Amino acid sequence: MSDTLTDQFKAGFRRYPTGVAIVATSTETGPVGATVSSVASVSANPPMLSFSVSRSGRSGPALTGSDRLAVHVLTESQAQVAAAFADRTAPRFTVAQGWTLPHGEPPVLDDAAASFYGRVARVIPAGEAWLVLLEVDGVSLGETADPLLHHDRHYWSLGPSVSTLDRILPEKAS
């Protein structure tokens with residue numbers, strides 16, 4: 001294993017489990033999307049989220065240049081959808097994957113845990129990536145399901161809960 005700071009940084013973040021989402025938009029040449037694991041809530045008022053996307057990837061310029069985006073939070077049953085979007089050669093936006101492609105609007109993913117729709121408020125160059133701030137103007141909640149997680153280059157689902165807040169902080173559980 002290399003000991004450069006960049007290698008150590010990447011290795012450290014591979015140990016950090018995250019949720020998985022697909023950011024998608026509609027363009028004149030068709031839908032564009034990318035798997036991301038960097039989605040974060042930024043503000044509840046106004047509703048705003050952030051994500052980062054590689055500046056060297058094929059999807060980044062279309063996503064950062066779009067007026068409207070959708071961010072679909074994936075469930076454990078959608079691991080194959082995430083894998084397809086992480087593979088440059090795999091089919092994307094297929095009916096079998098659960099996609100609906102409304103004309104002039106971001107693609108819709110059926111059965112996503114949650115979908116956030118909005119307009120790009122700001123794109124900030126950040127090293128090899130762009131940090132995107134999305135002003136959310138619509139949210140669609142799917143059925144409650146276990147999330148899809150990304151950890152150490154693999155997709156995972158949740159195991160049994162190891163604790164609940166009422167067991168950790170009994171005085172807060174009321």
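The largest pocket of this predicted model has a volume of about 1400 Å³. Pockets were located on a 1 Å grid over the protein atoms alone; a pocket is an open set of points with protein on both sides within 12 Å along at least five of seven lines, and lining residues have an atom within 4 Å of a point. Grid points are joined across faces, edges and corners, and a volume is the space filled by probe spheres set on the points. Local features need pLDDT of at least 70 and side-chain atom pairs count only at pLDDT 80 or more, while totals for chains, interfaces and linings use all residues. Residues are numbered from 1 along each chain as its sequence is written, and side-chain values use heavy atoms, with hydrogens and water left out.

The lining of the largest pocket comprises 32 residues. Thr35, Ser37, Ser38, Ser52 and Ser54 lie nearest the pocket centre. Two or more lining residues come from each of helix H1 (5-14), strand S3 (30-36), strand S5 (47-54), helix H3 (79-86) and strand S11 (149-151). Helices (H or I, at least four residues) and strands (E, at least two) are DSSP runs, numbered from the N terminus. H1 supplies the largest share of this lining, five residues. By class, the lining holds 11 nonpolar, 13 polar and eight charged residues. Here Ala, Val, Leu, Ile, Met, Phe, Trp, Tyr, Cys and Pro count as nonpolar, Asp, Glu, Lys and Arg as charged, and the others, Gly among them, as polar.

The second largest pocket contains about 180 Å³ of space. Its lining consists of Thr25, Ser26, Thr27, Glu28, Ser66, Asp67, Arg68, His103, Gly104, Glu105 and Pro106. Strand S2 (residues 21-27) gives the most to this lining, with three residues. One lining residue is nonpolar, six are polar and four are charged.

Two residues of this second lining, Arg68 and Glu105, also pair in a salt bridge, with the closest N and O atoms 3.7 Å apart. Glu105 sits in the loop between strand S7 (99-100) and strand S8 (108-109), and Arg68 in strand S6 (residues 68-73), so the pair links distant parts of the chain, 37 residues apart. A salt bridge is a side-chain nitrogen of Lys or Arg within 4 Å of a carboxyl oxygen of Asp or Glu. Glu105 is partly exposed, at 38% relative accessible area. Arg68 is also partly exposed, at 26%.

Asp137 is exposed, with a relative accessible area of 52%. Shared partners join Arg68, Glu105 and Asp137 into one network of salt bridges.

In total, the structure holds four salt bridges. Another of them pairs Arg14 with Asp152, the closest N and O atoms being 4.0 Å apart. Arg14 lies in helix H1 and Asp152 in the loop between S11 and strand S12 (154-156), so the pair ties together parts that are 138 residues apart in sequence. Both partners are partly exposed: Arg14 has a relative accessible area of 26%, and Asp152 has 40%.

Ser115 lies in strand S9 (residues 114-126). Ser115 is buried, at 3% relative accessibility. Its side chain makes a polar contact of 2.7 Å with the side chain of His72. A polar contact is a pair of N or O atoms within 3.5 Å; within protein, one must be able to donate a hydrogen and the other to accept it, and residues adjacent in sequence count only if both atoms are side-chain atoms. Beyond four places in sequence, Ser115 touches Val71, His72, Leu109, Gly138, Val139 and Ser140. Contact means heavy atoms within 4.5 Å.

Thr75 occupies the loop between S6 and H3. Thr75 is buried, with a relative accessible area of 3%. A polar contact of 3.0 Å joins its side chain to that of Ser77. Thr75 and Pro147 are 72 residues apart in sequence, yet their C-alpha atoms are 4.2 Å apart in space.

Notes: 1 Å grid on protein atoms, 1.4 Å probe; cavity = no way out; pocket = protein on both sides within 12 Å on 5 of 7 lines; lining within 4 Å. Buried < 20%, exposed > 50% of the residue type's maximum accessible area, 1.4 Å probe, protein only.
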